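Biologist: I would like to learn how to read a few features of a model. Could we take them one at a time?

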Amino acid sequence: MPKTLLLSPYRSDSHAAWADWLQNHITGVDWQVLELPGRHFAWRIRGNPLSWLDEIPRDPPDLLLATSMADLATIRGLHPQLARVPTWYYFHENQFAYPASDRQITSIEASMVQVYGALAADRVFFNSAFNRDSFFAGLSELLDRLPDGVPADVLTRLETRSDVLPVPVAPVPSADQRDHKLIVWNHRWEYDKAPERFATALIELAEAGMDFRLALLGRRPRKTPTALAHLRRTLGDRIIADGHLPAPDYRLLLGQAGIAVSTAIHEFQGIGMLEATSAGARPLVPDALCYREQYPSEYRYRPDEDGALARRLGTWLQVGLPPACRVDDWLAPATGKRWQILLD
């Protein structure tokens, strides 16, 4: 049985879902897995070769599969037994398109880790076309800014070895009954998901007298985000769920929901929205990011247009929901087959 060494230095969200799905569903592979907790981002993306200095197996695997959080170029340099091993590099996100928070210091170091990692790999995979295209756009802009000593064919080298292959998303079954006026938020409560935009739209609808209920899901930091506190204070009587729930409870709520909303300013695949949509909730997402390749225009709103989200939600609540949206090409029955064929 061929051995595959999987390196995932940031076990969080889609990274964890991807690693777990591969191990649980891809047959005929002897998995050797090294992971690190999903925290301390700047240290993780630069320090994983040191963290794993004594952990990389001495016997070379048949395949090395690493996420783009892995400093692959350094790892291969430190471990000569990996020099001739076929190597794949998987992008859950790319740092060129990742929005920086006000607390972050602008640096190209994380982006360069990913550039060198892609150059050190035999094959490069992205979880969406948006992820791929934004990576190459960012790399092209960076190369144009560098003063000298840049080979002319860097982009071509990487483009010819790149492909799009989403994280397999397990479909969520519909519930026996659906509450068409139950609105779900199932994202991290962090700046890159822009929860304050969601809160503003929902409070506007409530002030207009709209009838709806809320399920506020997703991970949240230890300090309660301002948007979440505002929703609790203003719309507390409409909130039927509030927390990062166990998987069975989470999936049940998705199956009952009428609408799932995203206000993200960063999304490379959007697993939470795909889960909700597979369960029958109608997705309402920004007309941007990976959403343009996933959802028809009737499920997208202009994020740069004031009130666009609230207006579309108001129409759906008053007039009725649009037809269910199909996302079959992004779900595990389809994407899992592609992963199985690749890893056979």
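Biologist: Which residues of E4 lie on one side and which on the other, and are they buried or exposed?

Modeller: Keep in mind that this is a predicted model. The general idea is that side chains in a regular strand alternate between the two faces of the sheet. In E4, Thr-87, Tyr-89 and Phe-91 are on one side, Trp-88 and Tyr-90 are on the other, and all are buried, so both faces are covered. Strand E4 spans residues 87-91, and five of its five residues are buried.

Biologist: How do E3 and E4 pair, and over how many bridges?

Modeller: Strand E3, residues 63-67, pairs with E4 in the parallel sense over four bridges. Leu-65 is opposite Trp-88 of E4, and Thr-67 is opposite Tyr-90 of E4.

Biologist: What is the order of the strands in the open sheet?

Modeller: The order is E2-E1-E3-E4-E5-E6, six strands with parallel pairing. E2 (30-37) and E6 (162-164) are the edge strands; each has a single partner strand, so one side of each lacks a neighbour in the sheet. From one strand to the next, the twist averages 20 degrees.

Biologist: Where does H1 lie relative to the strands?

Modeller: H1 lies across E1, E2, E3 and E4, and runs at about 160 degrees to E1.

Biologist: How do H1 and H12 pack?

Modeller: Two packed helices are described by the angle between their axes and the distance between those axes. For H1 (residues 14-25) and H12 (residues 332-343), the angle is about 70 degrees and the axes are 11 Å apart. That angle makes H1 roughly perpendicular to H12. The crossing of H1 past H12 is right-handed. On the H1 side the contact is made by Trp-18, Trp-21, Leu-22 and His-25; on the H12 side, by Ala-332, Gly-336, Trp-339, Gln-340 and Leu-343. By class, the contact of H1 with H12 has six nonpolar residues, three polar ones and no charged ones.

Biologist: What is the phi of Asp-13, and where is its place?

Modeller: Most residues other than glycine have a negative phi. Asp-13 is not a glycine, yet its phi is positive, about 50 degrees. Its place is in the loop between strand E1 (3-11) and H1. Asp-13 counts as partly exposed because its relative accessibility is 36%.

Biologist: Does Leu-289 count as buried or exposed, and what is its phi?

Modeller: Leu-289 has a positive phi near 60 degrees, again in a residue other than glycine. Its place is in the loop between strand E11 (282-286) and strand E12 (300-301). Leu-289 counts as buried because its relative accessibility is 17%, and the cut-off for buried is under 20%.

Terms used:
Residues numbered from 1 in each chain as written. Predicted model: local features only at pLDDT ≥ 70, side-chain atom pairs only at ≥ 80, totals over all residues. Heavy atoms only, no water. Axes fitted to C-alpha atoms, helices over the stretch in contact; angles between N-to-C directions. Helix = DSSP H or I, 4+ residues; strand = E, 2+ residues; numbered from the N terminus. Parallel < 35°, antiparallel > 145°, perpendicular 65-115°, else oblique. Left-handed = near helix turned anticlockwise from the far one by under 90°. Contact = heavy atoms within 4.5 Å. Nonpolar A, V, L, I, M, F, W, Y, C, P; charged D, E, K, R; others polar. Buried < 20%, exposed > 50% of the residue type's maximum accessible area, 1.4 Å probe, protein only. Pairing = 2+ DSSP bridges.
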